[in-house]
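Please look through the sequence and the 3D structure shown here before reading on. The report below is meant to be read with both of them in view.

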Amino acid sequence: MRTAIEISLYPLDADYIPPIKAFIDRLNTYQDLQVTTNAMSTQIAGEHQRVFEILAKETAITFAEAGRKVFVMKVLGGGV
């Protein structure tokens with residue numbers, strides 16, 4: 001089953017661009033993930049289990065970096 005997720009990262013820091021860019025750059029390294037970025041969010045799509053494996057790994061890396069951050073996600077499933 002394919003799943004699509006719209007995800008936005010909000011670093012709670014004045015220097016917010018580097019963590020967002022790093023997160024998107026890491027997502028773009030996965031060839032089995034379709035990544036589309038615009039000014040407000042990033043949309044990712046792929047096989048449901050794989051998408052969530054990637055998100056578990058990459059959000060953990062982002063949270064481990066200095067500073068507090070918020071992720072906001074919308075998930076669309078079922079034949080995307």
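What follows describes the chain as a whole and then turns to some of its residues.

This is a predicted model, in which local features need pLDDT of at least 70 and side-chain atom pairs count only at pLDDT 80 or more, while totals for chains, interfaces and linings use all residues. Residues are numbered from 1 along each chain as its sequence is written, and side-chain values use heavy atoms, with hydrogens and water left out.

**The chain as a whole**

Read from the N terminus, the elements of the chain follow the order β-α-β-β-α-β, which amounts to two helices and four strands. Here helices (H or I, at least four residues) and strands (E, at least two) are DSSP runs, numbered from the N terminus. The chain is as compact as a globular protein of 80 residues, because its radius of gyration of 12 Å is close to the 12 Å that the globule rule gives for that length. This radius is taken over C-alpha atoms, and the globule rule is 2.2 Å times the number of residues to the power 0.38. Along its principal axes, the C-alpha trace spans about 40 × 20 × 20 Å.

Of the 80 residues, 35% count as buried, where buried means under 20% relative accessible area, exposed means over 50%, and partly exposed lies in between (1.4 Å probe, protein chains only). If one takes the contacts (heavy atoms within 4.5 Å) between residues at least 6 apart in sequence, 68% of them join residues at least 24 apart.

**Buried residues and their contacts**

T62 lies in helix α2 and has a relative accessibility of 0%, so it counts as buried. Leaving aside neighbours within four places in sequence, T62 is in contact with L9, F23, R26, K69 and F71.

L9, which belongs to strand β1 (residues 2–11), is buried as well, at 9% relative accessibility. Not counting residues up to four places away in sequence, L9 touches P19, I20, F23, T62, K69, V70 and F71. Although L9 and F23 are 14 residues apart along the chain, their C-alpha atoms are separated by 8.5 Å.

Which residues does E58 touch, if those up to four places away in sequence are not counted? They are F23, R26, L27 and Y30. E58 sits in helix α2 (residues 48–64) and is buried, with a relative accessibility of 3%. Its side chain is joined to that of R26 by a polar contact of 2.3 Å, a polar contact being a pair of N or O atoms within 3.5 Å; within protein, one must be able to donate a hydrogen and the other to accept it, and residues adjacent in sequence count only if both atoms are side-chain atoms.

D13 is found in the loop between β1 and α1 (17–27) and is partly exposed, at 45%. The side chain of D13 reaches the backbone nitrogen of D15 at 3.0 Å.

| Pair | Separation in sequence | C-alpha separation |
|---|---|---|
| L9 and F23 | 14 residues | 8.5 Å |
| Q49 and N38 | 11 residues | 24 Å |
| D13 and Q31 | 18 residues | 31 Å |
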